[in-house]
Amino acid sequence: MEYEGILLGMGNPLLDISAVVDREFLDKLTDLDFLRGRYGLKSNDAILAEEKHLPMYDEMISKYKVEYIAGGATQNTIRVAQWMLQIPGATAYIGSIGKDKYGEEMKKKAAQSGVNVHYYEDESPTGTCAVCVMGSERSLVANLSAANCYKTDHLKRSENWAMVEKAKFLYIAGFFLTVSPESIMLVAEHAASRNKVFMMNLSAPFICEFFKDVQEKVFPYIDYLFGNETEARTFSKVHGWETENVEEIALKISQLPKASGTHKRIAVITQGADPVVVAEDGKVKFYPVILLPKEKLVDTNGAGDAFVGGFLSQLVLEKPMEDCVKAGCYAASVIIQRSGCTYPEKPDFK
């Protein structure tokens, strides 16, 4: 089988500015009193930056020791898949960055990870994401900036569309619904017409709530849907399903209408330390995760992205579901023992 460019991701590339913060900073983040200049972010939450959040980036950089990591949900997933596969040129990625030092840093990090990136370069600054770590919890504030400026024209350019044509598996995190639904539909329709595997992620509760219409439009094309239990419950609530049972929700998601009958839909829902729920063919299976002692948990940022990356690394090799979930759990367990979505030189997955 030809593996070059087999897996393509498209999303919002963000340079993660990651720091271990103190209780005072976290209290400021979790205080909902905006009038006193607070940021209104819940612990273990992910939100898009508004004007009121922007001062926190400089505050973080000046107060704490920060680490820069080439991030963004889809890019994290593709990097992890590439690391797990250890097959040169197996993965590719498309997104928008700025023509600045952060953009150059992003290109450098992507090259180091072995992912073939085709970035659109916008006049806006490169997108950043504040990753506030305290204990094993993290809170994310994403300032999309250039990532928010992706143009469908870039996707249609022959050298970029060639990557879409070559890929057999296409993955897009739900966050990209806020940027370029038109690009997502182009890729989704292409996948359906060529019997390829198209995959998405619920990504965050706010995507399910505030981008419901565009999410619904692309849903019939989704062959694999990933998410965690909080996102799944929000999806259920938004769709009026009146159930918080993750097993039931996964089953309902898997049975929503499909645009193409080539592939069935499989819903894969993670639940932190609880078993992974997989719904397919009207049945639900549970797969155990790798449990770590609390003292080994360094940073849960990127755990969900890493799970999908590990999962996809085996899916493209046409391995059975059990192996895909096992690889996902392995990748997530590696990432949460390190700061940021980072990994050792080589995987130790068997």
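This is a predicted model: local features need pLDDT of at least 70, side-chain atom pairs count only at pLDDT 80 or more; totals for chains, interfaces and linings use all residues.
Me: What makes a stretch a helix or a strand here?
Reply: Both are DSSP runs, numbered from the N terminus: helices are H or I with at least four residues, strands are E with at least two. Helix H10, for example, covers residues 229-238.

Me: Why are H10 and H11 called roughly perpendicular?
Reply: Angles run from 0 to 180 degrees between N-to-C directions, and axes are lines fitted to C-alpha atoms, for helices over the stretch in contact. H10 and H11 (residues 246-254) pack at about 65°, with their axes 10 Å apart. Angles under 35 degrees count as roughly parallel, over 145 as roughly antiparallel, 65 to 115 as roughly perpendicular and the rest as oblique. H10 and H11 are therefore roughly perpendicular to each other.

Me: Which residues make the contact between H10 and H11?
Reply: Contact means heavy atoms within 4.5 Å. H10 supplies Glu229, Ala232, Arg233, Phe235 and Ser236, and H11 supplies Val246, Ile249 and Ile253. By class these are five nonpolar, one polar and two charged. Ala, Val, Leu, Ile, Met, Phe, Trp, Tyr, Cys and Pro count as nonpolar; Asp, Glu, Lys and Arg count as charged; the others, Gly among them, are polar.

Me: What makes the pair H3 and H12 oblique?
Reply: Helix H3 (residues 73-85) and H12 pack at an angle of about 45°, with their axes 7 Å apart. That value makes H3 oblique to H12. Residues of H3 in the contact include Ala73, Val80 and Leu85, while Gly309 and Leu312 are among those of H12. The contact has eight nonpolar, five polar and one charged residues.

Me: How do you know which strands pair?
Reply: Two strands pair if DSSP finds at least two bridges between them. Strand E13 (residues 274-280) and E14 have five bridges and run in the antiparallel sense. Valine 277 stands opposite phenylalanine 286 in E14. E1 is joined to E5 by four bridges, and these strands run parallel. Leucine 7 has threonine 91 of E5 as its bridge partner. Four bridges also join E1 to E9, again in parallel, with leucine 8 opposite leucine 170.

Me: Why do E6 and E14 count as edge strands?
Reply: Nine strands form an open, mixed sheet in the order E6-E5-E1-E9-E10-E11-E12-E13-E14. Strand E6 (116-122) and strand E14 (283-287) each have a single partner strand, so one side of each is left without a neighbour in the sheet. The twist averages 20° from one strand to the next.

Me: What makes E3 and E4 the edges of the other sheet?
Reply: Five strands form an open sheet in the order E3-E8-E7-E2-E4, with mixed pairing. Strand E3 (46-48) and strand E4 (67-71) each have a single partner strand, so one side of each lacks a neighbour in the sheet. Inside this order, E7 (residues 128-134) and E8 (residues 137-143) pair in the antiparallel sense over seven bridges. Valine 133 stands opposite arginine 138 in E8.

Me: Why is aspartate 281 called exposed, and why is asparagine 195 called partly exposed?
Reply: Buried means under 20% relative accessible area, exposed over 50%, and partly exposed in between (1.4 Å probe, protein chains only). Aspartate 281 has 54% relative accessibility, so it counts as exposed. Asparagine 195 has a relative accessible area of 48%, so it is partly exposed.

Me: What makes the phi of asparagine 195 and of aspartate 281 worth noting?
Reply: Most residues other than glycine have a negative phi. Asparagine 195 has a positive phi, near 60°. Its place is in the loop between helix H7 (181-193) and E10. Phi of aspartate 281 is also positive, near 55°, and aspartate 281 lies in the loop between E13 and E14.

Me: Which way do the residues of E1 point?
Reply: Leu7 and Gly9 point one way, Leu8 and Met10 the other way, and all are buried. In a regular strand the side chains alternate between the two faces of the sheet.

Definitions and conventions
Residues are numbered from 1 along each chain as its sequence is written. Side-chain values use heavy atoms; hydrogens and water are left out.
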